[in-house]
Amino acid sequence: SFTISLRTVDNITVMIKLRHGVSPSCQIRVKNVIRSELKIKPGENVTFTFTCSTPEKYFIMEIQKNIDCVSGPCPFGDVHLYPLGLPRLNRTFIWDVKASTKAGLELKFSTPWLRQIEPGETCPDVVSYNINSCIDTATVNIGTFCRNGSVSRIKLLGGVIMSLHLPWDSPLTTSGFNIANRASIKRLCIIESILKGESSITLMSPNYPLGFPEDELMTWQFVIPSNMRASVFFHNYSLSNCERKEERVEYYLPGSLSNPEVFKLSDSQPANIAGSFNLSLQGCDQDAQNPGILRLLFQVVVQHPQVDENVTHLVDLSKEWNMTVTIHFEGWPSRIPLMSEPICLICKNPRTCDRVLTLVSGAVYRISFLCKDLSRLRITAEKGISCVNIRWCQRKIYSLLVPKVITQLPVRLHKFIWKLLAPDLINIEITSPSLKLQQHVPEQRCNTSYSYSIVSATPETELNVGVFCPGGSIEKIQMRNNITISLKTFGKGFLNESNHQDLKMSFVPHIKDECTFTVSPDPKAKVYLQTPNWPYGLPPYVSISWYVIVPSKQVAHLGFSKDRMGIACETGRAYVNIKEETLGAEETVRREDELLPEPRNMYHDFWVNVSNCKPVDKTQLTLQFWVTFADKQIDLRVIIAVVAGAGVLMAIGLAVCCVKKKKKKSQNPMVGVYNPNVNTQVPGKQGLFTKGRKNNESHVYAVIDDAMVYGHLLKESNGSVAPEVDVYRPFDGPIGSLPPSPPPFSFRKDIKCSPNTEEPLPLTDTDHDTYTFAHQKSGQSEDNGDTNEKNNADTSTSLLENKEQDDLVE
């Protein structure tokens with residue numbers, strides 16, 4: 001059983017009641033009467049028991065003491081936990097102190113002092129203090145505090161309600177504070193915070209986050225060792241809607257000639273403060289219809305003076321245009337540093353420091369760093385380039401280089417962003433004349449100290465062109481829309497490589513495709529190229545082109561990394577087009593439902609175009625292809641075919657000569673007869689032949705006896721003829737695709753069959769791959785234009801008059 005005896009003079013009330021949300025399975029028994037709660041008033045003596053062995057699970061206890069400092073003397077000194085012998089329940093001690101607004105109260109806390117926490121936060125030992133100020137009938141929540149902090153005293157205007165929450169198993173036997181004094185402070189409250197050594201504290205305005213009282217004033221007093229430096233950072237604040245006055249903060253700083261120094265809540269707050277200082281928050285008269293909320297959460301960081309705090313770095317941005325430079329901590333802005341982390345400050349003057357400092361073009365800065373480890377800092381810069389006068393900007397080439405004023409700072413460059421804005425009908429061209437660019441692909445990763453991320457953006461869509469680094473084969477990239485280029489560094493090597501940057505930009509006339517690449521690969525390298533927006537795929541209806549330059553003594557080998565596009569179209573068609581940049585070249589076209597072209601050789605500069613449709617499902621078009629080079633090889637079969645052709649012509653020439661000699665000797669002239677099934681044409685271009693020499697019979701010639709031609713005359717004279725036919729056999733060795741050269745004109749004079757003076761038929765220069773001699777049709781005579789045509793005609797006439805039939809038969 002428990003007995004609680006309360007004296008009337010102590011003005012203490014004890015209340016035991018069930019915890020909220022707990023079933024009443026445990027009860028209180030007082031003189032055999034079962035109760036669910038018990039209230040003991042001043043002057044009462046009550047003995048009671050619990051009907052269960054673990055009452056701390058079901059009951060809580062409140063002990064409230066009323067102190068009147070208006071009509072009677074204040075009990076200055078330590079405040080005790082009274083009465084003794086209470087049950088081991090979760091308990092709350094409440095001290096309600098009445099005081100006049102003309103004589104405020106001062107609460108002094110014992111070491112280790114107090115630490116303010118945000119509403120809803122829990123103290124590690126579950127022991128917490130809650131302080132409320134009472135002004136007339138209004139109550140203002142000063143804050144909730146845990147033990148082990150820096151808040152040593154709080155002065156309040158008017159009365160105070162002080163609450164101490166203890167868990168049932170807490171060994172705490174003292175309240176930890178005393179009522180130290182009464183003094184008029186003419187403001188809502190004054191909170192004193194003592195910081196020793198390097199430390200960081202977080203404080204909030206009263207009633208946080210609900211809002212600071214209208215037109216009130218409060219002060220924080222910070223006691224800082226003279227050999228330390230303090231900096232103030234506002235992390236979360238909001239402003240009310242003021243009708244009169246202006247919300248502001250005021251500082252009393254050591255050594256300042258203009259105290260108090262007034263700042264807006266949106267300003268960068270003072271930093272690197274040497275010694276103790278005061279910070280005050282002033283509200284305003286709020287709009288009755290829409291008052292808004294004034295609140296503030298801030299941090300004070302105390303650290304030792306830095307060795308290099310007096311070392312300044314010149315940042316001259318006076319000649320730059322439309323550029324900002326931000327120096328920040330690592331991970332900004334996605335990561336907010338913890339309050340307990342060592343702090344790095346960037347200062348643009350001895351008192352204006354912050355974790356993030358932004359410098360703008362057109363000005364000169366002298367900055368310093370208050371940081372033990374500069375490797376935790378980064379630089380992010382952004383520059384805008386736009387075209388206003390089309391005539392002027394089309395003639396200008398812009399160098400996309402990181403200014404030396406940035407690379408010379410002792411802070412690593414994280415990212416440099418160029419935002420390129422082009423007007424309608426004007427596009428943007430990116431070039432890298434000397435270094436060229438390499439596209440970062442899984443098969444060919446960038447290993448340089450920096451890379452470029454290129455994004456093309458329109459109001460409707462955004463196209464991630466890709467990631468590129470120096471030292472590749474892409475000479476030029478042309479894009480239709482506004483461009484964002486982000487240079488990102490990796491490691492510390494960029495400081496040395498930054499001297500060799502080679503990226504330029506210019507405005508060019510309108511282009512057809514969304515993006516066009518000009519590629520000039522190294523003849524010894526294998527180049528991989530892939531569609532933009534990898535791996536998510538091209539947006540619908542977007543067309544991309546690559547123009548690949550093939551060296552004159554090289555042949556390119558083009559192949560795709562997969563055999564199909566891998567999409568099905570809902571609207572439109574997706575195409576892959578390949579075409580060499582030469583006269584009469586055929587275009588290879590494949591749709592999304594067809595196999596992609598097999599690897600092939602390209603002998604001239606060529607285009608590869610990929611055009612997307614609107615796919616059926618979420619799968620988008622992603623394509624990758626590769627290009628390699630090899631030296632052009634002389635085909636031995638072509639050489640052998642040419643030599644063989646020359647040999648055939650020589651043999652035919654010798655045969656003709658022999659026949660002519662035989663005709664003169666025996667008066668039995670022989671006539672060379674050609675193949676009558678082909679036409680006479682000069683050989684065309686190698687790559688455009690449709691039929692090779694080895695596939696036709698243009699190289700076959702026959703030599704037939706004169707008797708075969710004039711045999712019908714012999715029959716009229718009752719002679720008998722047994723003509724011999726000598727047929728030229730084709731070359732059995734290897735034959736190339738090139739036909740032999742045309743025979744000489746002198747060889748054709750023996751083909752004359754009739755006395756005719758017509759002009760010779762010219763040889764035509766076409767793209768066909770065969771040639772023959774023109775032949776005589778039945779019932780017609782044909783002239784080959786030879787100078788000895790009359791002699792040939794006489795030869796045929798003399799044959800009719802010849803009486804020596806035996807010689808002809810022989």
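Reader: I'm starting with one side chain in the structure above. Does Lys436 count as buried or exposed?

Author: Lys436 counts as buried, because its relative accessibility is 18% and the cut-off for buried is under 20%. Keep in mind that this is a predicted model.

Reader: Which residue does Lys436 meet in a salt bridge?

Author: Its partner is Glu475, with 4.0 Å from N to O.

Reader: Which residues do salt bridges with shared partners join into one network?

Author: Have a look at Arg573, Arg591, Glu592 and Asp593, which are joined into one network that way.

Reader: How many salt bridges are there by this rule?

Author: The count comes to 18. One of them pairs Asp215 with Lys245, whose closest N and O atoms are 3.0 Å apart. That pair also links distant parts of the chain, 30 residues apart: Asp215 lies in the loop between strand 18 (199–204) and strand 19 (217–223), and Lys245 in the loop between strand 21 (242–244) and strand 22 (248–252). As for the surface, Asp215 is partly exposed at 28%, and Lys245 is exposed at 54%.

Reader: Which residue forms a salt bridge with Lys98?

Author: That's Asp96, and the closest N and O atoms are 3.7 Å apart. Here Lys98 is partly exposed, with a relative accessible area of 46%, whereas Asp96 is buried at 13%.

Reader: Now the cysteines. What is a disulfide?

Author: The general idea is a covalent bond between the sulfur atoms of two cysteines. In this structure, a search of the whole model finds 9 disulfides. Take Cys26 and Cys52, joined with an S to S distance of 1.9 Å. The angle about their S-S bond is -85°, and the link is left-handed. Cys26 is in the loop between strand 2 (12–18) and strand 3 (28–30), and Cys52 is in the loop between strand 6 (45–50) and strand 7 (59–68), so the bond ties together parts 26 residues apart in sequence. Cys26 is buried at 0%, but Cys52 is partly exposed at 23%.

Reader: Where does the disulfide of Cys569 and Cys613 link the chain?

Author: First, the bond itself: the sulfur atoms of Cys569 and Cys613 are 1.9 Å apart. The torsion about their S-S bond is about -85°, so this disulfide is left-handed. Cys569 belongs to strand 48 (residues 569–571) and Cys613 to the loop between strand 52 (606–611) and strand 53 (614–615), making a link between distant parts of the chain, 44 residues apart. Both Cys569 and Cys613 are buried.

Reader: And which cysteine does a disulfide join to Cys69?

Author: Cys74, with an S to S distance of 1.7 Å. Cys69 is buried at 3%, and Cys74 counts as buried at 10%.

Reader: What pLDDT does the protein chain average?

Author: The average is 80, and 77% of the residues score at least 70. Over residues 635–639, though, the pLDDT is below 50, and that stretch has 7 contacts beyond near neighbours in sequence. Residues 661–810 also stay under 50, and the model has 198 contacts for them beyond four places in sequence.

Technical notes. Residues are numbered from 1 along each chain as its sequence is written. Side-chain values use heavy atoms; hydrogens and water are left out. A disulfide is a pair of cysteine sulfur atoms within 2.5 Å. Helices (H or I, at least four residues) and strands (E, at least two) are DSSP runs, numbered from the N terminus. Buried means under 20% relative accessible area, exposed over 50%, partly exposed in between (1.4 Å probe, protein chains only). pLDDT is the predictor's confidence in each residue, from 0 to 100. Contact means heavy atoms within 4.5 Å. A salt bridge is a side-chain nitrogen of Lys or Arg within 4 Å of a carboxyl oxygen of Asp or Glu.
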